[in-house]
Amino acid sequence: MRLPWVPPLDTIQTKFTASGCGNSAALGTGAAARSLDDLHPELKPLCEQWLARCAEQSVRAEVICTYRSVADQNAAYAVGRDANGKVVGRTITKAKGGRSKHNVTLPGGTPASRAFDFTILNADGTCNWNLASSEWKAAVAAGKGLGLVWGGDFPNNQRDCDHFELNG
């Protein structure tokens, strides 16, 4: 089951004043999914293991985006760009619809995202975007330990710190 996802306002505000990493919190309304069932069959068990490893270390990790339709991806791409695609403000993705690992489907159209975006929650339920925190360090190490590619290791102009994806 795919759940509609509208990010909490504090997620959007906090993320854009944080380290400059990440993008998923600003997608706005739309049908971007956060169901693990919308992950690629190779990624879903890795994501479940990542969540379990985070929990074992008392890190409150939450998946905030899995599959994104081409239309949702194009909407995300349009943020911070004029009608001609020229950058005029803060952008949240460099990938047009169909070019993101969030847009993958299996034959027949079943969502099979090869990526997921996440957040770390503080004890009060607000989002922790402090990449220097022990929780973030533990979450990143857990994902890398499973062989996932962390978006924080992307080149500076493409960094996406709240993102993991399958290698390859």
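Modeller: Let us begin with the elements, since helices (H or I, at least four residues) and strands (E, at least two) are DSSP runs, numbered from the N terminus. Helix α4 is followed by glycine 147, whose phi is positive, near 90 degrees. The model is a predicted one, in which local features need pLDDT of at least 70 and side-chain atom pairs count only at pLDDT 80 or more, while totals for chains, interfaces and linings use all residues. Residues are numbered from 1 along each chain as its sequence is written, and side-chain values use heavy atoms, with hydrogens and water left out.

Biologist: What makes the pattern of the protein chain, and how many helices and strands does the chain have?

Modeller: There are four helices and five strands, and along the sequence they follow the pattern α-α-β-α-β-β-α-β-β.

Biologist: Why is serine 134 called exposed?

Modeller: A residue is buried under 20% relative accessible area, exposed over 50% and partly exposed in between (1.4 Å probe, protein chains only). Serine 134 has a relative accessible area of 54%, and therefore counts as exposed. Its place is in helix α4, which covers residues 134-145.

Biologist: Why does histidine 163 count as buried?

Modeller: The relative accessibility of histidine 163 is 5%, so this residue counts as buried. Histidine 163 is found in strand β5 (residues 163-165). Contact means heavy atoms within 4.5 Å, and, not counting residues up to four places away in sequence, histidine 163 touches several residues, including His102, Asp117, Trp150 and Phe154.

Biologist: How do you know that β2 and β5 are paired, and how do they run?

Modeller: Two strands pair if DSSP finds at least two bridges between them. Three bridges join β2 to β5, and these strands run antiparallel; aspartate 117 stands opposite histidine 163 in β5. Strand β1 (residues 60-65) is joined to β2 by five bridges, also in an antiparallel arrangement, with arginine 60 having leucine 121 as its bridge partner.

Biologist: Which residues of β2 are covered on each of its faces?

Modeller: In a regular strand the side chains alternate between the two faces of the sheet. On one side of β2 lie Ala115, Asp117, Thr119 and Leu121, on the other Phe116, Phe118 and Ile120, and all are buried.

Biologist: What do the buried residues of α4 pack against?

Modeller: The buried residues of α4 are Trp136, Ala138, Ala139, Val140, Ala142 and Gly143, and they pack against α2 (43-56), β2 (115-121), β3 (127-128), β4 (149-150) and β5.
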